[in-house]
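Please look over the sequence and the model shown here. The report below goes through selected elements and side-chain pairs.

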Amino acid sequence: MSQLGLMRDHWWWRPGWKVGRSFYTWHITFADQPAAAELVDAYAPALSQLPTLDPVPLGWLHLTMQGIGFTDEVDRSDVDRIISAAQKRCAQLEPFTVTIGPAHVDPETIQMPVRPIEPLARVRRAIRDAIGEVWGAENVPEPADGWRAHVSLGYSNSPGPAEPVTTSLAAHGKHTAEVTVSAVSLIDLNRDNKAYEWTEVATVRIGSKS
């Protein structure tokens with residue numbers, strides 16, 4: 001478990017963000033995965049005891065892969081070209097299985113690691129290469145290194161001690177789920193309601209037969 005002393009509010013406005021603004025980004029989502037639903041349910045009792053946390057419903061459960069940019073700054077024709085390039089690259093990969101969990105406490109979230117990292121990293125490289133094909137490799141947003149594959153179960157909505165969170169998680173045990181990754185989604189993401197909500201722009205299949 002985390003040795004954090006304090007947690008902080010996750011919902012502060014990061015640079016560039018404001019009410020009404022949204023962002024193109026690639027995510028892996030899990031709404032159609034029964035094992036992910038069971039995992040959310042397994043941790044629900046722990047999160048329900050914590051008013052300082054906003055649980056993530058199954059429909060908004062996600063693994064952040066790679067951003068493109070704010071929707072008011074990116075030409076939609078570029079987005080379409082990136083989608084097409086990503087489709088070609090991801091078709092050359094194969095679907096794979098990963099394990100999500102168990103949960104631990106982060107300064108702003110309850111999050112779960114996703115492993116193994118290698119097949120996820122291959123998908124992320126394919127997406128970055130697709131962006132680079134359209135914009136040039138030197139213009140791909142976000143660093144190639146330092147990316148951490150994780151899924152957040154809940155977000156801290158106020159500053160406070162981490163101890164009640166770690167205690168509640170410990171009392172409800174460690175849980176994991178195996179899920180199959182066969183697609184990655186480009187989404188139009190907003191955070192107006194102190195939640196990550198989105199509309200789907202495109203789904204790109206992993207593997208030509210997936």
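## Basis of the values

This is a predicted model, in which local features need pLDDT of at least 70 and side-chain atom pairs count only at pLDDT 80 or more, while totals for chains, interfaces and linings use all residues. Residues are numbered from 1 along each chain as its sequence is written, and side-chain values use heavy atoms, with hydrogens and water left out.

Helices (H or I, at least four residues) and strands (E, at least two) are DSSP runs, numbered from the N terminus. Buried stands for under 20% relative accessible area, exposed for over 50%, and partly exposed for values in between (1.4 Å probe, protein chains only).

## Helix α1

Helix α1 covers residues 34-48, and its 15 residues should span 21 Å at 1.5 Å a residue; the expected span is 1.5 Å times one less than the number of residues. The C-alpha atoms at its ends are 21 Å apart, in agreement with that value. The helix has a kink of about 30° at Ala42, shortly before the proline Pro45. The bend at a residue is the angle between axes fitted to the seven residues ending there and the seven starting there.

Which residues of α1 are buried? They are Ala36, Leu39, Val40, Tyr43, Ala46 and Leu47. The elements that cover them include the strands β3 (53-55), β5 (96-100), β7 (109-115), β8 (150-156) and β10 (177-181), together with helix α4 (163-171). Contact here means heavy atoms within 4.5 Å.

In strand β2 (residues 23-29), 6 of the 7 residues are buried, so the strand is mostly covered. Two strands count as paired if DSSP finds at least two bridges between them.

β2 pairs with strand β4 (residues 62-70) in the antiparallel sense, over 7 bridges. In that pairing Ile28 stands opposite Leu63 of β4. β2 is also joined to strand β11 (residues 183-190) by 5 bridges, and these two strands run antiparallel. Here the bridge partner of Tyr24 is Asp188 in β11.

## Salt bridges

The model has 7 salt bridges, counted where a side-chain nitrogen of Lys or Arg lies within 4 Å of a carboxyl oxygen of Asp or Glu. One of them joins the side chains of Glu108 and Arg8, at 2.7 Å from N to O. Glu108 lies in the loop between β6 (104-105) and β7, and Arg8 in the loop between β1 (6-7) and β2, so this pair ties together parts that are 100 residues apart in sequence. Glu108 counts as buried because its relative accessibility is 7%, whereas Arg8 is partly exposed, with a relative accessible area of 47%. Arg8, Arg14 and Glu108 are linked in a network of salt bridges.

Arg21 takes part in a salt bridge with Asp72, where the closest N and O atoms are 3.0 Å apart. Asp72 lies in the loop between β4 and α2 (76-90), and Arg21 in the loop between β1 and β2, so the two link parts 51 residues apart in sequence. Is Arg21 buried or exposed? Arg21 counts as buried, at 14% relative accessibility, while Asp72 is exposed, with a relative accessible area of 53%.

Arg21 also forms a salt bridge with Glu73, whose closest N and O atoms are 2.9 Å apart. Glu73 lies in the loop between β4 and α2, so its pair with Arg21 ties together parts that are 52 residues apart in sequence. Glu73 is exposed, with a relative accessible area of 59%.

## Aromatic pairs

There are 7 aromatic pairs. Rings of Phe, Tyr and Trp (its six-membered ring) pair if their centres lie within 6.5 Å; planes under 30 degrees apart count as stacked, over 60 as edge-to-face and the rest as tilted. Phe23 and Phe70 form an edge-to-face pair, 5.1 Å centre to centre with 80° between the planes. This pair links distant parts of the chain, since Phe23 is in strand β2 and Phe70 in strand β4, 47 residues apart. Phe23 is buried, with a relative accessible area of 16%, and Phe70 is buried, with 10%.

The rings of Tyr155 and Tyr196 have their centres 5.3 Å apart and their planes at 65°, so this pair is edge-to-face. Tyr155 lies in strand β8 and Tyr196 in the loop between β11 and β12 (197-205), so the pair ties together parts that are 41 residues apart in sequence. Tyr155 is buried, with a relative accessible area of 6%, and Tyr196 is buried, with 15%. Trp11, Tyr155 and Tyr196 form one aromatic cluster.
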